[in-house]
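Okay, thanks for coming, everyone.

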Amino acid sequence: MYICPVCGYNQLEEEPYKFFDDNIFNASFEICSCCGFQFGFDDDNIASQHKQKITLKEAHKIYFDNWEKNGYKIFSKIKFGDRILTDYLPLKILEIQKENIMINNDDYNQFIF
Ligand SMILES: [Zn+2]
């Protein structure tokens, strides 16, 4: 299982990105069950709305901020089983997930083209 770099959900089935040298990476195209971010789609989409090049980390932050504005709505509740009874991620769980995010991972400073 892998961690979502956007929301910290730790049950991704695939590694969200595989990094190579010089701003080259492959995305899994998996959709995070928690925040709904699709690797390789939402990052590209966010980058295309910006005139300047942005990094993966910046794209993730933009998505997270929007998700936050919408109250942390869970994309696919089924994956959470009985743990969560509302449509929105409880802050207590969000705080735990946030600790999973490796914010100092340099790979995420790569630019999206
Ligand atoms: Zn996520």
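So, to start: which residue just after H2 takes a positive phi? That's Gly-71, and its phi is about 80°.

Before I go on, the ground rules. This is a predicted model, where local features need pLDDT of at least 70, side-chain atom pairs count only at pLDDT 80 or more, and totals for chains, interfaces and linings use all residues. Residues are numbered from 1 along each chain as its sequence is written.

Now the overall layout. The protein has three helices and two strands, and along the sequence they run β-β-α-α-α. Helices here are DSSP runs of H or I with at least four residues, strands are runs of E with at least two, and both are numbered from the N terminus. The C-alpha trace spans about 45 × 25 × 25 Å along its principal axes. For 113 residues, a compact globule would have a radius of gyration near 13 Å, and the 14 Å we get here agrees with that. That radius is taken over C-alpha atoms, and the globule rule is 2.2 Å times the number of residues to the power 0.38.

How much of it is buried? The figure is 23% of the 113 residues. By buried I mean 20 or more other C-beta atoms within 10 Å of the residue's own; exposed is 12 or fewer, partly exposed is in between, and the C-beta atoms are placed from the backbone.

Let's go back to H2, residues 56-69. This helix has 14 residues and reaches 20 Å from first C-alpha to last, close to the 20 Å expected at 1.5 Å a residue; the expected span is 1.5 Å times one less than the number of residues. Leu-56, Ala-59, His-60, Tyr-63 and Trp-67 are buried in H2. They cover an arc of only 100° around the axis, so they sit on the same side of the helix. That arc is taken from the directions between the helix axis and the C-beta atoms. On the other side, Asp-65, Glu-68 and Lys-69 are exposed. And what do the buried ones pack against? That would be H1.

Next, the core. In soluble globular proteins, nonpolar side chains tend to be buried together. A nonpolar core here is a set of buried Ala, Val, Leu, Ile, Met, Phe, Trp, Tyr and Cys residues joined through C-beta atoms within 7 Å. The largest one has 19 residues, and those touching the most other members include Cys-4, Cys-7, Cys-32 and Cys-35. H2 gives the largest share of this core, four residues. Leaving out residues up to four places away in sequence, Cys-35 touches Cys-4, Val-6, Cys-7, Tyr-9, Trp-67 and Phe-75. A contact means two C-beta atoms, placed from the backbone, within 7 Å.

Phe-29, in the loop between S2 and H1, has phi near 65°, positive in a residue other than glycine. Buried or exposed? Phe-29 is exposed, with 11 other C-beta atoms within 10 Å, whereas Tyr-72 is buried, with 20.

Last stop: Asn-23, in the loop between S1 and S2. Asn-23 is partly exposed, with 14 other C-beta atoms within 10 Å. Beyond its neighbours within four places in sequence, Asn-23 is in contact with Gln-110, Phe-111 and Phe-113.
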